[in-house]
Amino acid sequence: MEEMTLVKYQVANRVATITLNRPEKRNALNAEMVTQLKQAFTQAEEDENAKVIVLDAAGDSFCAGADLAYLQQLQNNTFEENLADSNHLKELFLQIYQHPKVVIAKIQGHAIAGGCGLATVCDFSFTVPEAKFGYTEVRIGFIPAIVKVFLLRKIGEGKAKSLLLTGELIPAELAESMGLVNTVVEAIDLDMEVANFAQMLVQKNSGQSMAFTKQMIAAVQSMDVEEGLSYAAEMNAKARASEDCQKGIAAFLNKEKIVW
C-alpha cells in the first residue's frame, strides 16, 4: 500500500477522518488523489476501530473538482485511456455510496464539479454558510457524467437539471433546501456539530443495522415494487439473525442499556 500524501487518515473515538490534503490546489482531484481516497476508504472499511467516517478537507476549499491541468493532459489520451480514468473516479464515488459505514461530509468551503460530486455521494453533509455548490462542467465544454447517476437519486430530476444544465453555483442555504446538503452551520460550530452527530451514530446505532440499511437504500431503488418487497423481506429475515439484532432485543427485553 503506497504512502498517502494527498489524503490523510486518522481515527479517534471510533470515527475515521479522511482529509483531502491538497490545499494549494484547492483539493482538486487527479488520478493520484483518487487512488489515495480509494485506499483510505478501503482502510476505513477494514478498520475495526472506525464505526463512522468523516470526509473533510484542508485549506479554504472543500474540493474544486478535477484538476484542470490534469484534464488538459487527458486530452492527449486515447478513448480507452480516458475510459479507464473515468472508471477510476466512478469506482471512488460508488465505493463511498455503497460503503458499509456511514460517511459524513464536513464541508468548510466551496464544493464544485467533482468536489460537489464527492459531497453528493456522502450519506450526510454539514456545510458552512459561505460555501458554494455546483456542477460547472457544462461551462468548460465538459459533462457532469458520473455524478448525475447519484444526484438524480438524491434530489430528483427537476432539481438535478437546474444544477447540471445551468452550471450555476448556489449558496449553502439553497443547497440545503434542495436536499443536496443536510445542515448549514456557522464555521465556528462546524467541528463540534459534526463530531456530536458522528458520536450520536457511534453510540446509539448498530453498525450492522446501518450497513444493512445503506445497502438496501442503494439496491432497492432499481427494483420494481414486487422485487423490492421480496428483497426487503429477505433482508428483514437476515437482520433478525444478526448478532446486533439479537443483542439489541435481549437488552430491550431485559431493560438494559445497549452498548454499541
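1. A pocket here is an open set of grid points, each with protein on both sides within 12 Å along at least five of seven lines, and a lining residue has an atom within 4 Å of a point. Keep that in mind for what follows. The model is predicted.

2. Start with the largest pocket. Its volume is about 890 Å³. How many residues line the largest pocket? The lining holds 35 residues. Gly-65, Ala-66, Leu-71, Glu-137 and Phe-142 lie nearest the centre of this pocket.

3. Next, ask where that lining comes from. Four helices each supply at least two residues to the largest pocket: α1 (31-46), α2 (68-74), α3 (79-97) and α5 (145-155). The largest share comes from α3, with six residues. By class, the lining of the largest pocket has 22 nonpolar residues, eight polar ones and five charged ones.

4. Now the second largest pocket. About 370 Å³ of space lies in it. Its lining counts 19 residues. Nearest the centre of the second largest pocket lie Tyr-97, Cys-122, Asp-123, Lys-154 and Ile-217. Two or more lining residues come from each of α4 (114-121), α5 and α9 (207-220). Which helix gives the largest share of this lining? That is α9, with six residues. Sorted by class, the lining of the second largest pocket has nine nonpolar, six polar and four charged residues.

5. The domains come next. The domain assignment gives two entries: domain 1 (7-202) and domain 2 (206-254). Look again at the second largest pocket with these bounds in mind. Its lining draws at least three residues from each of domain 1 and domain 2.

6. How do the two domains meet? The centres of domain 1 and domain 2, taken over C-alpha atoms, are 27 Å apart. In contact are 11 residues of domain 1 and nine residues of domain 2. Between them, domain 1 and domain 2 bury about 750 Å², and 56% of that area is on carbon and sulfur atoms. Within domain 1, Lys-51, Pro-100 and Arg-153 lose the most area to domain 2. Together these three make up 54% of what the domain 1 side buries.

7. Turn to the strands. Strands of a sheet pair through backbone hydrogen bonds, and they do this either parallel or antiparallel.

8. Strand β7 (residues 132-134) pairs with β8 in the antiparallel sense, over two bridges. Phe-133 stands opposite Ile-170 in β8.

9. Strand β4 (residues 102-107) and strand β6 (residues 124-127) run parallel and are paired over four bridges. Ile-104 has Phe-124 of β6 as its bridge partner. Strand β6 is also joined to strand β9 (residues 183-184), again parallel, by two bridges. Here Thr-127 stands opposite Val-184 in β9.

Terms used: Residues numbered from 1 in each chain as written. Predicted model: local features only at pLDDT ≥ 70, side-chain atom pairs only at ≥ 80, totals over all residues. Heavy atoms only, no water. 1 Å grid on protein atoms, 1.4 Å probe; cavity = no way out; pocket = protein on both sides within 12 Å on 5 of 7 lines; lining within 4 Å. Points joined across faces, edges and corners; volume = space filled by probe spheres on them. Nonpolar A, V, L, I, M, F, W, Y, C, P; charged D, E, K, R; others polar. Domains from an automatic or database assignment. Pairing = 2+ DSSP bridges. Contact = heavy atoms within 4.5 Å. Buried area = accessible area lost by both parts, 1.4 Å probe.
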